[in-house]
Amino acid sequence: MGEPASPTLPPGATRHLGLDLGATNLKWTVVELAGDTWRVLDRGQVRTRVEGGPDAIVPELGEVGRDAISRWPGVSTAGVGIPGLYDPANGSTRFLVNLRGAWDGHPVVGPVSAALGVPVALINDARAFGLAELRLGAGRGAGSMVGLTLGTGVGGVIAIDGRVHQGHDGTAGEIGHQTIDPDGPSCNCGNNGCLEAFARADRLAEACGTATAEEAVERARAGDRAALDGLDRVGRYLGIGIANMITVISPDKVVIGGGIAAAGDLLLGPARDEIARRVRTTSVEAVQLVTAELGTWAGAIGAAIHGAEQAAGTAAVSATAVLPPARPAARAVRR
C-alpha cells in the first residue's frame, strides 16, 4: 500500500479534485500526481439533492468540493463528471436523463469554479470512467481502448493514442447509442434499436423475466433457464456492438464496467462468441476484453484526472491506483 498520504503537499506534486454527479450519490475524490505516478488520496460520497434540481445540486458540488479541499491543501484543479450532455464552450449542462429539473443551459463550471477557487472542467461520466481505467485501471498500457459501462444506460468511451476522444462537444464515444437493429425497441435517446435499448438494466431484467438485473444474475447463477437464455440474448447484442467498435477502432483493449458487468462470463461469454463470429478485418485474439478495476469510484477519479489534464494541456502517464477507504457520507460535507 505504500506510505500513508499526508495532508501536506509534497514538493513537485500536484493535487486534483474529482466530483462525480449521480442521480443517487455525489462522489468525490482527491488525487495526487507526483512525477508520472497518480495516487488516490481520499474519497467519499453524499446523497445528491435531487429534489431541489440544479439550483440545489450545483451549490452542493461546491460545498462537497470545498470540504475536500479543506482537508487536502494544494488542490489546483477540479473536474466534474456529468451524467449526460454538456456544452464545453460555456460550461453548462444540456441534458441529464436521470436528473429532473431545468438542466438545459444551466451553468456549472462558473459557479463551481467560484466556490472552489480553482479551474473546473466538465466531462461526461462514461468518458470519466474510461479515462480513469485508461490511466489507473484495466486499460493501463493501452494505446487504444474502447470502454462500456453497463447499468441504467449503456455509456461508452473511446481512447486513441492514449487519450480519450471527446469530439467537438464532448459527445464522442456514445457506444450505447449505435443502432444495432433499425426496427428494434425504443431507446431513451429517441432512436430505435440502440445497443442501450437491448442491454440496459431494465431490458436485461425483462429479457430474463425478473424484476431487476441483479435478480437475473442471481437466478442465472442458480441455473434458471429463462435467466440464462436472457443473459445469452443480451450478451449477443452486446457482442454485436463491441464487434462494430473493434472493426472500426481495432483497439488494444475493451474494458467493461458498471453494475451489470458483475454478471461476468454469463454475459461476456456470449459477447465473446458474437465478437468472434462478426469481426473479420482484424485479429480478435489481439484485443483484450477485460472487466474494469476501479469500481464505482472510476467516475470521480476520471473527473479529477480530466480537470488536471485540461489545465495542463497534456496527457498524464499511466500508474497504479491505491484506493483508500471511503469516508462515510455523513462526514463528506460540513453543514
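**Pocket, helix, sheet and loops**

Mentor: α9 gives the most to the lining of the second largest pocket, with four residues. Keep in mind that this is a predicted model.

Trainee: Which residues lie nearest the centre of the second largest pocket?
Mentor: The pocket holds about 250 Å³ of space. By class, its lining has nine nonpolar, eight polar and two charged residues. Nearest the centre lie Pro88, Ala121, Leu122, His306 and Gln310.

Trainee: Why are the buried residues of α6 on the same side?
Mentor: Helix α6 spans residues 213-221, and its buried residues are Ala213, Ala216, Val217 and Ala220. They sit on the same side of α6 because, around the axis, they cover an arc of only 95°.

Trainee: Which exposed residues are on the face of α6 turned away from its buried side?
Mentor: The buried residues of α6 pack against α5 (201-208), α7 (225-249) and α8 (265-278). The face turned away from them carries Glu214 and Glu218.

Trainee: What residue with a positive phi follows α6?
Mentor: Look just past the helix. The phi there is near 95°. The residue is Gly223.

Trainee: Which are the edge strands of the five-strand open sheet?
Mentor: The order is β10-β9-β8-β11-β12, with mixed pairing. An edge strand pairs on one side only. That gives β10 (163-164) and β12 (288-291).

Trainee: What is the bridge partner of Ile160 in β10?
Mentor: Strand β9 covers residues 154-160. Two bridges join β9 to β10, and the two run antiparallel. The partner of Ile160 is Arg163.

Trainee: Is Asp161 buried or exposed?
Mentor: Asp161 lies in the loop between β9 and β10. Its phi is positive, near 55°, though Asp161 is not a glycine. Most residues other than glycine have a negative phi. The cut-off for exposed is over 50%, so at 70% relative accessibility Asp161 counts as exposed.

Trainee: What is the relative accessibility of Ser250?
Mentor: Ser250 is in the loop between α7 and β11 (253-257). Ser250 is not a glycine, yet its phi is positive, about 50°. Ser250 counts as partly exposed, with a relative accessibility of 36%.

How values were computed
Residues numbered from 1 in each chain as written. Predicted model: local features only at pLDDT ≥ 70, side-chain atom pairs only at ≥ 80, totals over all residues. Heavy atoms only, no water. Buried < 20%, exposed > 50% of the residue type's maximum accessible area, 1.4 Å probe, protein only. Arc of directions from axis to C-beta. Contact = heavy atoms within 4.5 Å. 1 Å grid on protein atoms, 1.4 Å probe; cavity = no way out; pocket = protein on both sides within 12 Å on 5 of 7 lines; lining within 4 Å. Points joined across faces, edges and corners; volume = space filled by probe spheres on them. Nonpolar A, V, L, I, M, F, W, Y, C, P; charged D, E, K, R; others polar. Pairing = 2+ DSSP bridges.
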